[in-house]
Amino acid sequence: MNTKNLVALSLLVGMGAVLHAVMPGFGAGMKPDMMLTMMFLGIILFPDRKSVLLLSLATGLISGLTTTFPGGLFPNIIDKPITAAIFFGLFLLLKKFHHSIISASVLTAIGTLISGIVFLTSAYFIVGLPGPFSALFGAVVLPATIVNTVTMVILYPIAQSIMKRTKLTNQPTVAAKQ
């Protein structure tokens, strides 16, 4: 993992933190987790285990610190690494479609649903839920899935364009090959 990749990942986490902090809460203090989209984008752009682990831990911690859900710190810290691992596994299974906006958006929708289930389940066991699981899932997770998927459809082509114009890749440079 090189410094350029770390900077790019930290920028994604920072943008996700801002989006997460300004997103209004609804549904018993829960709000759509915009950091998930940035985490998923980071996994797609830098698909290696170290990056995924670092990104998921940072995203979980910052998401937990900025959540409006009562007692949501630990459920976020549990949720993000599990979601990132599953998302990364699914991403690797779809190697053939890595650069497809459709696969990125479908994976984002699936990842957001997984994240919502893991978050609500861990919150249920750690701090309890302020309402029924199904109501919170329908009022928060499903709208978050739509918001995150639409956001990915908008951001992914932009990120692809930036990656093509810069040297922010996991490929060795020409000097390193010699």
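A: Let us begin with how two helices are placed. This is a predicted model, and in it helices α2 and α3 are roughly antiparallel to each other.

Q: At what angle do the axes of α2 and α3 cross, and within what distance do they come?

A: The axes of helix α2 (residues 34–45) and helix α3 (residues 49–65) cross at roughly 170° and come within 10 Å. Angles over 145 degrees count as roughly antiparallel, and therefore α2 and α3 receive that description.

Q: Which residues of α2 and α3 meet?

A: From α2, Met-35, Met-39, Gly-42 and Ile-43 take part. Their partners in α3 are Val-52, Leu-55, Ser-56, Thr-59, Ile-62 and Ser-63. By type, the residues of this contact between α2 and α3 comprise six nonpolar and four polar, with no charged residue.

Q: How many helices and strands does the protein chain have as a whole?

A: The protein chain has seven helices and zero strands. Read from the N terminus, its elements therefore follow the order α-α-α-α-α-α-α.

Q: Is Leu-11 buried or exposed?

A: Leu-11, found in helix α1 (residues 3–22), is exposed, with a relative accessible area of 53%. Leu-57, whose place is in helix α3, is partly exposed at 46%.

Q: How does one compare separation in sequence with separation in space?

A: One takes two residues and considers both values. Leu-11 and Met-38 are 27 residues apart in sequence, and their C-alpha atoms are 9.3 Å apart in space. For Leu-57 and Ile-77, 20 residues apart along the chain, the C-alpha separation is 6.9 Å.

Q: What share of the contacts joins residues at least 24 apart?

A: Among contacts between residues at least 6 apart in sequence, 73% join residues at least 24 apart.

Q: Where does Ala-109 lie, and with which residues is it in contact?

A: Ala-109 is in helix α5. Apart from its neighbours within four places in sequence, Ala-109 is in contact with Thr-145 and Thr-149. The C-alpha atoms of Ala-109 and Val-147 are separated by 9.2 Å, while the two residues stand 38 residues apart along the chain.

Q: How many aromatic pairs does a search of the whole structure find?

A: The search finds four aromatic pairs. One of them is formed by Phe-40 and Phe-87, which are stacked, at 4.3 Å centre to centre and with 10° between the planes. Phe-40 lies in helix α2 and Phe-87 in helix α4 (residues 73–93), so this pair ties together parts that are 47 residues apart in sequence. Both Phe-40 and Phe-87 are buried.

Q: Why is the pair of Phe-69 and Phe-119 edge-to-face?

A: The angle between the ring planes decides the name, and planes over 60 degrees apart count as edge-to-face. The planes of Phe-69 and Phe-119 stand at 75°, with ring centres 5.2 Å apart, so the pair is edge-to-face. Phe-69 lies in the loop between α3 and α4, and Phe-119 in helix α5 (residues 101–126), so the pair ties together parts that are 50 residues apart in sequence. Both Phe-69 and Phe-119 are buried.

Notes
Residues numbered from 1 in each chain as written. Predicted model: local features only at pLDDT ≥ 70, side-chain atom pairs only at ≥ 80, totals over all residues. Heavy atoms only, no water. Axes fitted to C-alpha atoms, helices over the stretch in contact; angles between N-to-C directions. Helix = DSSP H or I, 4+ residues; strand = E, 2+ residues; numbered from the N terminus. Parallel < 35°, antiparallel > 145°, perpendicular 65-115°, else oblique. Contact = heavy atoms within 4.5 Å. Nonpolar A, V, L, I, M, F, W, Y, C, P; charged D, E, K, R; others polar. Buried < 20%, exposed > 50% of the residue type's maximum accessible area, 1.4 Å probe, protein only. Phe/Tyr/Trp six-rings, centres within 6.5 Å; stacked < 30°, edge-to-face > 60°.
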